[in-house]
Each structure stands twice: as structure tokens, then as C-alpha cells.
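Hi,

Here is the structure I promised to pass on.

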Amino acid sequence: MTDLLEVRNLAVEFPSRHGTLKALHEVSFSIAAGEVLGVVGESGAGKSLTGAAIIGLLDAPGRISGGQILLNGKRIDNLPDEPMRRIRGREIGAIFQDPLTSLNPLYTVGRQITETIVTHLPLSWSQAQQRAIELLEATGIPAARERINHYPHQFSGGMRQRVVIALALAAEPKLIIADEPTTALDVSIQAQIIDLLKKLCRSQGAAVMLITHDMGVIAETADRVAVMYAGRIAEIGPVADVIQRPQHPYTVGLMGSIPALDAHADRLVQIDGSMPRLNAIPPGCAFHPRCGSVMPRCKLERPELMPAAASQAACWLHEQVHA
Ligand code: SF4
């Protein structure tokens, strides 16, 4: 599979009156066409910030201070606003936790989806409208032909998120960034929405970056998973390996949050303490104050990602000593 998205050594910082806060450090990963990369971690780990940097929607005064973001081999991290806005509509689709941030309450959903299609694809209004109906049908909205004339507030939360998925896919983007797409929904609907997202992206060959704090969602959806901690990737690897054989002590702790893994409860641990604030990231390995395997060097030297079984983990436990 060729890499559709490549993030190289991405750094994001927030200048403040008390100095510059570094929020992301040397974040590197790639996503191939048709692949789902899950990005997990506690809040404040940098997951959403990574997504926002990729789609060019960092909240001011946040800025990219280093690294590169490439889409289809072309840099997009240094583009002016207008070309980036076009890429956001055409090549990158976004799905956020709250569907109302993506939908305009004043227009029917049909008009919003149709407009997106005619803006980006060479279709007439009536062709685009037909496609909007097909998209709504594909997302499981009953009576789509009538429902396109309804306004966002006339849909339930779950149905609204289906509309947002249809809207995000309308211009046939190559990359979808989904940031906690089901967190606001009932548990019973979450699985349906995730399943739908995965199915539609597969059929369009789109790459997906799925940001969530929920390892259960990742387990069901992702091909690979990146675990973030304090603005860095702590572990990245194939989803089955990261879940069944986590290599970073932080990932081992996170696994404690998946009920389905209860069978392995003997090796699950609770993570004491909390994620450090940006202005108080410990030296060495940022996880060391919470780590049950901490060694003296962990407090002084920061580990880079290194091979760890089938994954990569930023942890000194995996250092290969070559004689
Ligand atoms: Fe724990 Fe040290 Fe590994 Fe950090 S580097 S996770 S402190 S063992």
C-alpha cells in the first residue's frame, strides 16, 4: 500500500505570555490508502491537535513549528489559507464529535451536501442532488429522498452524525479525519456509526485517521494504532499486536479500559496519576512518574521509538544492546 498521508517530525507550539508551550514533538506516522489508523490516548495527549494540524485548523495562537505533512507526496503544512481550504473540502473530509459544528442549521441537509458536491466534482446540480440522496441512503438514512429537504435540527443525534459522514464523503476525499465521531452518541448507535464509516471509507479507498480515547472503538475499527502521550507517539503498530501484546507500559495501562480484554486481567494495571500539563512535562521519558517499570535512566534520557515485537515503542525496556 502506498502512503497517502505522511506526517514527518511534526511539532506544534503555543506562544504564550509565559513563554512557548510545546504541544507536539516529532510526531511521525503515515496512513496508506484504504487504511484506518487509530490514534488513542488520554485527553491532553495531543491526538486532536495532530488532526487539527493536518487539516490546517489549529486554534490560534497554535502553530506548526517543525516537520512536514504530505498528502499524496505533496506538502500541505505550508500552504496559504485558500489552497488549504480547497484541499480540506476536496481531498480531506472531517468528522467531529458534535455534528452541529459541521452542519449549517439554516440550510437543508440536501442543499449542504449537494453544494459540497458541485463545488468539488464536475456534476450538475441535479446530478449532485441524486448523489446526495445516494450518499444519505448509503449512510442508512431511511426515506433519503424526502429527508434531504429536512434541516439538521429535524434529525436525531445519531442520524445527524450519519448526515455528517455523508457530507464528509461527498467530495470523495482521499483522507478522512474523524475526531471522536461517536463519543456524543448512545452506545448502541456508536458501533453502527463506526461500522458504517469503516465500510464507506473502504469502498471509496479513503485513508482514515480515527481519533478517540476509546480503545474498544479502535479494536473494532483500526488496522494500526498510534498511542499518544504528552505530545509524542509512545507506541505504534498493528492493532492486534498493540492490543494483545502492548509494548509500552502506558499502552499496557490503557488496555485496562477495554472490557473485552478481561480475559487477560492478570496482566492489566491501573495507571496512577495523570497526564502532565504542557508546562510541566517531566524530563527523560514523560511517562516516568507513572511508570511501574521506571529505571534511573528513564528520568534523564528520553527514549525515541524503537522496534518492540511487531510494533515500535518509545521505551528503554526495548533497547537492543549490541555487543
Ligand atoms: Fe517506563 Fe522507562 Fe519505559 Fe518510560 S522509558 S515507559 S519510564 S520503562
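This is a predicted model: local features need pLDDT of at least 70, side-chain atom pairs count only at pLDDT 80 or more; totals for chains, interfaces and linings use all residues.

Let me start with the open spaces. The largest pocket comes out at about 720 Å³. Its lining counts 25 residues, and the ones nearest the centre are Arg-88, Gly-89, Ser-102, Thr-116 and Leu-167. Four elements each put at least two residues into that lining: helix 2 (81–90), strand 6 (92–95), helix 3 (109–120) and helix 6 (157–169). Helix 3 is the top contributor, with 5 residues. By class, the lining of the largest pocket splits into 12 nonpolar, 9 polar and 4 charged residues.

The second largest pocket has a volume of about 280 Å³. It has 17 lining residues, with Gly-56, Leu-57, Ile-64, Asp-77 and Leu-79 nearest its centre. Here helix 1 (47–54), strand 4 (63–71) and helix 2 each supply at least two residues, and helix 2 gives the most, with 4. The class count for this lining is 9 nonpolar, 3 polar and 5 charged.

How many cavities of 30 Å³ or more does a search of the whole structure find? The search turns up 1. The largest cavity has a volume of about 90 Å³. It is lined by 15 residues, and Pro-249, Cys-285, Cys-291, Cys-298 and Cys-315 are the closest to its centre. In that lining, 12 residues are nonpolar, 3 are polar and none is charged.

And what takes up the largest cavity? The ligand does. Around the ligand you will find His-248, Pro-249, Cys-285, Phe-287, His-288, Cys-291, Ser-293, Cys-298, Pro-303, Cys-315, Trp-316 and Leu-317. This shell is made up of 9 nonpolar and 3 polar residues, with no charged ones.

Arg-297 counts as partly exposed because its relative accessibility is 27%, which falls between the 20% and 50% cut-offs. Setting aside neighbours within four places in sequence, Arg-297 touches Trp-316 and Glu-319; Trp-316 is also one of the residues around the ligand. Finally, Arg-297 and Gly-284 sit 13 residues apart in sequence, with 7.6 Å between their C-alpha atoms.

Cheers

Conventions:
Residues are numbered from 1 along each chain as its sequence is written. Side-chain values use heavy atoms; hydrogens and water are left out. A residue is near a molecule or strand if one of its heavy atoms lies within 4 Å of it. On a 1 Å grid over the protein atoms alone, a cavity is a set of points where a 1.4 Å probe fits but cannot get out, and a pocket is an open set with protein on both sides within 12 Å along at least five of seven lines; lining residues have an atom within 4 Å of a point. A molecule sits in a cavity or pocket if more than half of its atoms lie within 2 Å of its grid points. Ala, Val, Leu, Ile, Met, Phe, Trp, Tyr, Cys and Pro count as nonpolar, Asp, Glu, Lys and Arg as charged, and the others, Gly among them, as polar. Grid points are joined across faces, edges and corners, and a volume is the space filled by probe spheres set on the points. Buried means under 20% relative accessible area, exposed over 50%, partly exposed in between (1.4 Å probe, protein chains only). Contact means heavy atoms within 4.5 Å.
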